[in-house]
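Here are some brief notes for a colleague coming to this structure for the first time. Please read them with the model open.

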Amino acid sequence: MLEVQDLRVAYGAVQALQGVTLGATAGRITAVLGANGAGKSSLLRAISGIAPVAGGRILLDGRDITALPAPARARLGLAHAMEGRRLFRQLSVEENLRLAWNFGSRNVPLDQAMAEVQQRFPILGERARTPAGLLSGGQQQMLILSCATIRGPRYLLLDEPSLGLAPIIVRQIYAFITDYTRHSRTTVVIAEQMATLALKVSDRAYVLRRGRLVLEGSSADLLAGGPEGTLVANYL
């Protein structure tokens with residue numbers, strides 16, 4: 001289980017997160033929703049160890065990792081696919097995957113991991129020697145997800161996986177995320193602006209507004225405008 005307790009993140013005088021508390025469980029997808037600038041990316045960056053934590057705690061299965069550097073968190077099985085399709089653009093698809101596999105703990109041999117990537121996204125096998133920068137946006141997102149999951153992480157953070165993609169590609173990406181979560185029992189947290197999309201695949205959701213947690217509940221209730229209030233009113 002991933003737990004965040006009273007988390008605060010600040011960039012100088014700017015308070016990006018103000019006392020956020022949430023939890024995510026294994027084998028489930030947890031959605032973090034909010035408009036641009038709500039603090040979603042700062043939350044994921046703090047969890048993975050690349051944003052400054054001004055207060056609060058981050059726990060993985062009860063272990064406090066708040067003071068651990070990012071590489072140590074990766075060795076504990078935490079992977080983070082950041083917004084913006086951050087790849088080694090001059091390296092090939094295969095070279096990006098090999099680099100990702102070499103970073104942190106690994107659950108399967110490289111050959112098996114590469115075969116699983118090609119089974120999930122055959123186009124990546126076909127374009128294995130193509131520089132990542134020459135892939136389409138959708139193919140780059142497939143590669144990002146594959147780099148994040150190739151080591152079989154226990155905790156997976158996904159920041160705006162649908163950003164800038166055509167609807168047909170978004171459906172394919174989310175089908176992969178849903179299937180991967182169900183079969184791997186990984187703890188998955190997705191940060192999304194597209195609330196309806198994330199709510200349809202997640203079990204629980206948290207809504208951030210200007211760095212504060214303003215709404216939480218089951219995804220089904222939030223999608224239906226349940227008793228905790230309307231999503232839209234707290235999203236704007």
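1. Strands here are DSSP runs of E, at least two residues in length, and they are numbered from the N terminus. T187 lies in one of them, strand β8, which covers residues 187–192. Keep in mind that this is a predicted model.

2. Is T187 buried or exposed? Its relative accessibility is 2%, so T187 counts as buried. The cut-off for buried is under 20%.

3. What does T187 touch, beyond its neighbours within four places in sequence? The contacts are L2, A24, T25, A26, G27, R28, R154, Y155 and L156.

4. Now turn to G39. This residue sits in a loop, with β3 (29–33) on one side and α1 (40–48) on the other. G39 has 10% relative accessibility and therefore counts as buried.

5. Setting aside neighbours within four places in sequence, G39 is in contact with A16, L17 and L208. V188 is 149 residues from G39 in sequence. In space, the two are 18 Å apart, C-alpha to C-alpha.

6. Helix α3 spans residues 93–102, and its buried residues are V93, N96, L97, A100 and W101. Why do they lie on the same side of α3? Because they cover an arc of only 135° around the axis.

7. Which helices do these buried residues of α3 pack against? The partners are α4 (110–120), α5 (122–126) and α6 (137–149).

Note on methods
Residues numbered from 1 in each chain as written. Predicted model: local features only at pLDDT ≥ 70, side-chain atom pairs only at ≥ 80, totals over all residues. Heavy atoms only, no water. Buried < 20%, exposed > 50% of the residue type's maximum accessible area, 1.4 Å probe, protein only. Helix = DSSP H or I, 4+ residues; strand = E, 2+ residues; numbered from the N terminus. Arc of directions from axis to C-beta. Contact = heavy atoms within 4.5 Å.
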